[in-house]
Amino acid sequence: MKHVNDSNGARNEPTGRKAFVILKNQGKTRSPDSFRRSYIRDEIAKYGKREISSQYFTYEELSAATKNFSYNFLIGEGGFGRVYKGHIANKNTDIAVKKLDRNGYQGNREFLVEVLLLSLLHHTNLVNLLGYCSDGEQRILVYKYMSNGSLEDHLFNWRVGELKPLEWDIRIKIATGAARGLEYLHKKADPPVIYRDLKASNILLDEEWNPRLSDFGLAKLAPTGEQTHITTKVMGTYGYCAPEYALTGRLTRKSDVYSFGVVFLEIITGRRVIECSGPSEEQNLIAWAAPLFKDRRKFHLMADTSLEGRYPMKGLYQALAVTAMCLQEDASKRPVMSQVVSALEYLTSGQNEEQPMGDGDSSSEE
Ligand SMILES: Nc1ncnc2c1ncn2[C@@H]1O[C@H](COP(=O)(O)OP(=O)(O)OP(=O)(O)O)[C@@H](O)[C@H]1O
Ligand SMILES: [Mg+2]
């Protein structure tokens, strides 16, 4: 597998986590808060035909909701900055508050893209942006709180967090929901979007294990009409990037399909795509799985050992077949997301026939 190109400043971390390009600040001249707020609203209005659903929060409101951004309310930290749990008393709502770290790798531009896109996109498998704050130098995003945190924690950190390993049915439910989220972005969203940052830490889970995709700061509007791809700086996270995108910067919806294949393989195996510890032949999940994919008799070796055999053999075969299709080197042979969704819905429907999944159907989702 090719690594993310770092010629544009991307940070290639061996852990398979954050590998982001450093974004330059958009505006060099400072403008008054009111101007910034109306700028964001104007940008949304330019692209969207609908009402803006996200609300404006003041810094004081968010400070009160998180007890002054107290360490006790810290629930995570990523490339954008720290994430706090908060509570809005007058609405009796739990929120997640993501505060931009001015010294961090991500920045203003991602903040704006996130607010713009999440104000326009609405689907049960996309995170709910409740609002934002751009008081002074502050850049803060406010989401609905997802009580089960990220898929990453439940797949790889469950021993540390004293969690239980996920059962097979929950794993398939999460994969299906994530696939539906991508299908919506690729095909049904207006404008259609390439997500570009699918990974386990960006799949958040509610109390019933419904998944929602989060972090749209790297997303791009999908090519339309005659266009087959868009050319862009290579950004994303090491290990999850499609090989052709990492090599050429040519981005298509099929890049997301590849990343979905990586995440689905992580879900099935309980192994990180890049793992620094352990024997060298097991450090790259895709390379480790390649010989096993060639022999159906070895498929059971790919199932997460923490499942202790609690999975249907046929279901495992079918899930691995979907994964293998998504991970094909030749992007044109990968399925489109609606085919992946159909295959996964079939898998959960309990039917037992083989699921046909045609190679790269050139539908409008292409
Ligand atoms: N809406 C939310 N509800 C509950 N927890 C959340 C929410 N949003 C983020 N988190 C928690 O905060 C953590 C950090 O999220 P964040 O997106 O900032 O970083 P990341 O995904 O780990 O890394 P990256 O910056 O590469 O995306 C998540 O892993 C999750 O545990
Ligand atoms: Mg994230």
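## The chain as a whole

Of the 366 residues in the chain, 52% are buried, where buried means under 20% relative accessible area, exposed over 50% and partly exposed in between, with a 1.4 Å probe and protein chains only. This is a predicted model, in which local features need pLDDT of at least 70, side-chain atom pairs count only at pLDDT 80 or more, and totals for chains, interfaces and linings use all residues. Residues are numbered from 1 along each chain as its sequence is written, chains are lettered from A and ligands numbered from 1 in the order in which they are written, and side-chain values use heavy atoms, leaving out hydrogens and water.

You'll find 10 helices and 12 strands here; these are DSSP runs numbered from the N terminus, with helices (H or I) having at least four residues and strands (E) at least two. Among contacts (heavy atoms within 4.5 Å) with a separation of 6 or more, 66% come from residues 24 or more positions apart.

## Helix H5

H5 covers residues 168–188, and its 21 residues reach 29 Å from first C-alpha to last. That's close to the expected 30 Å at 1.5 Å a residue, the expected span being 1.5 Å times one less than the number of residues. The helix is mostly covered, with 15 of its 21 residues buried.

## The magnesium site

What holds the magnesium ion, ligand 2? Asn202 (OD1) and Asp215 (OD) coordinate the ion at 2.0 Å. Asn202 sits in the loop between strands S7 (193–194) and S8 (203–205), and Asp215 in the loop between S9 (211–213) and S10 (220–221), so the two tie together parts 13 residues apart in sequence. Both Asn202 and Asp215 are buried.

A word on donors: they are N, O and S atoms within 2.8 Å of the metal (3.2 Å for Na, K and Ca), and since water is not among the atoms, sites may look incomplete.

UniProt, in an unreviewed entry, lists a "binding site" at Lys99; its positions are given in the numbering used here, feature names are shortened, and annotations may be inferred rather than shown by experiment. Lys99 belongs to strand S4 (residues 93–100). Setting aside neighbours within four places in sequence, Lys99 has contacts including Tyr59, Phe69, Phe80 and Arg139.

Thr231 is in strand S11 (residues 230–231) and counts as exposed, at 60% relative accessibility. Beyond its neighbours within four places in sequence, Thr231 touches Gly249 and Arg250. Leu251 is 20 residues from Thr231 in sequence, yet their C-alpha atoms are 6.0 Å apart.
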